[in-house]
Amino acid sequence: MIKPILNHFLFASEFYTLVKRIITAIENSSIDEALKTMFLARIKEHFAVYDAALNRKKVNPLTAKMEEQDDNRDNLFLGLRTSSEALTYHWDEAIREAAAIIVEIIRRNGWSIQNEGYTAESAGINALISELTKEPAATCITTTSLGEWVTRLDNSQKTFEATSTQREELDAIEQPILSTTRKQLNSDLQSALNYLESMAQFNTTAELEELINTINEIITSVTSTAKARKTRRETEKTND
């Protein structure tokens with residue numbers, strides 16, 4: 001018996017790995033060459049289309065731009081944080097006190113927020129800017145002359161969000177292509193595996209058995225991570 005491939009549990013990259021390894025296993029097997037051609041013709045055709053769609057998603061031209069903009073907002077956040085902390089040692093008491101308030105606001109909204117994922121960091125920076133531009137924090141910003149840091153961080157965050165939205169729109173265009181191709185590829189793969197399994201049941205050979213064992217090892221290897229991920233999520237939901 002060939003194990004189920006659990007397509008609905010697999011990430012796009014995991015499904016890609018699964019299909020590619022199965023194709024390689026069939027190509028390297030000792031079964032008849034005519035059988036190899038029959039098994040792989042449609043699979044390889046749709047795998048090439050899936051590969052292209054997946055690569056387009058991975059190399060979204062806005063991804064690199066977002067990474068650059070994320071680095072910029074990280075630097076601006078760290079600059080604001082470091083400058084505020086330094087001013088808590090200022091010789092002027094009013095500036096020291098104002099800086100201490102700003103530092104506490106930054107700490108409350110996430111002292112190391114630059115290490116968070118894109119979404120969490122965006123939420124934290126927006127909350128921080130919102131608080132810093134309202135009283136009493138706004139007066140503290142004026143007192144410490146940190147207004148330009150806040151303005152630059154705010155502008156950087158808005159630029160990042162605009163690019164993020166553009167990337168999501170581009171992904172939305174590509175996603176239906178990836179999804180449709182994956183369904184077709186999965187259908188082709190299942191048909192080939194079902195046929196292979198039927199052959200082994202009615203006219204088994206050592207070569208077929210060896211290939212089926214190899215395919216089962218591949219399926220186990222690739223789907224084990226997906227199974228563990230599913231179990232972990234179910235446990236987390238139960239604990240919430």
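Guide: A residue is called buried when its relative accessible area is under 20%, exposed when that area is over 50%, and partly exposed in between. With that cut-off in hand, and keeping in mind that this is a predicted model, we can begin with Arg-73, which has a relative accessibility of 0% and therefore counts as buried. Its partner in a salt bridge is Glu-121, with 3.4 Å between the closest N and O atoms. Because Arg-73 belongs to helix α3 (residues 61-87) and Glu-121 to helix α5, the pair ties together parts of the chain that are 48 residues apart in sequence. Glu-121 is buried as well, its relative accessible area being 0%.

A second pair to look at is Arg-152 with Glu-148, whose side chains meet in a salt bridge at 2.9 Å, N to O. Here the two residues are four apart within helix α7, so about one helical turn separates them. Arg-152, at 47% relative accessibility, counts as partly exposed, while Glu-148 is exposed, with a relative accessible area of 52%. Returning to Arg-73 and Glu-121, we find that salt bridges with shared partners join these two residues and Asp-70 into one network.

The count of salt bridges in the model comes to eight, and one of them is formed by the side chains of Arg-42 and Asp-188, at 3.4 Å from N to O. This pair links distant parts of the chain, since Arg-42 sits in helix α2 (residues 33-58) and Asp-188 in helix α7, 146 residues apart. Arg-42 is partly exposed, with a relative accessible area of 47%, whereas Asp-188 is buried at 7%.

Now to the backbone. Most residues other than glycine have a negative phi, and most peptide bonds are trans. Leu-6, a residue other than glycine, has a positive phi near 55°; it is found in the segment before α1 (12-28), and its relative accessible area of 18% makes Leu-6 buried. Ser-145 is not a glycine either, and its phi is positive at about 60°. Ser-145 lies in the loop between α6 and α7 (147-202), where it is exposed, with a relative accessible area of 61%. Finally, the peptide bond that joins Glu-135 and Pro-136 is cis, with omega about 5°, and Pro-136 is placed in the loop between α5 (118-132) and α6 (137-144).

How values were computed:
Residues numbered from 1 in each chain as written. Predicted model: local features only at pLDDT ≥ 70, side-chain atom pairs only at ≥ 80, totals over all residues. Heavy atoms only, no water. Buried < 20%, exposed > 50% of the residue type's maximum accessible area, 1.4 Å probe, protein only. Salt bridge = Lys/Arg side-chain N within 4 Å of Asp/Glu carboxyl O.
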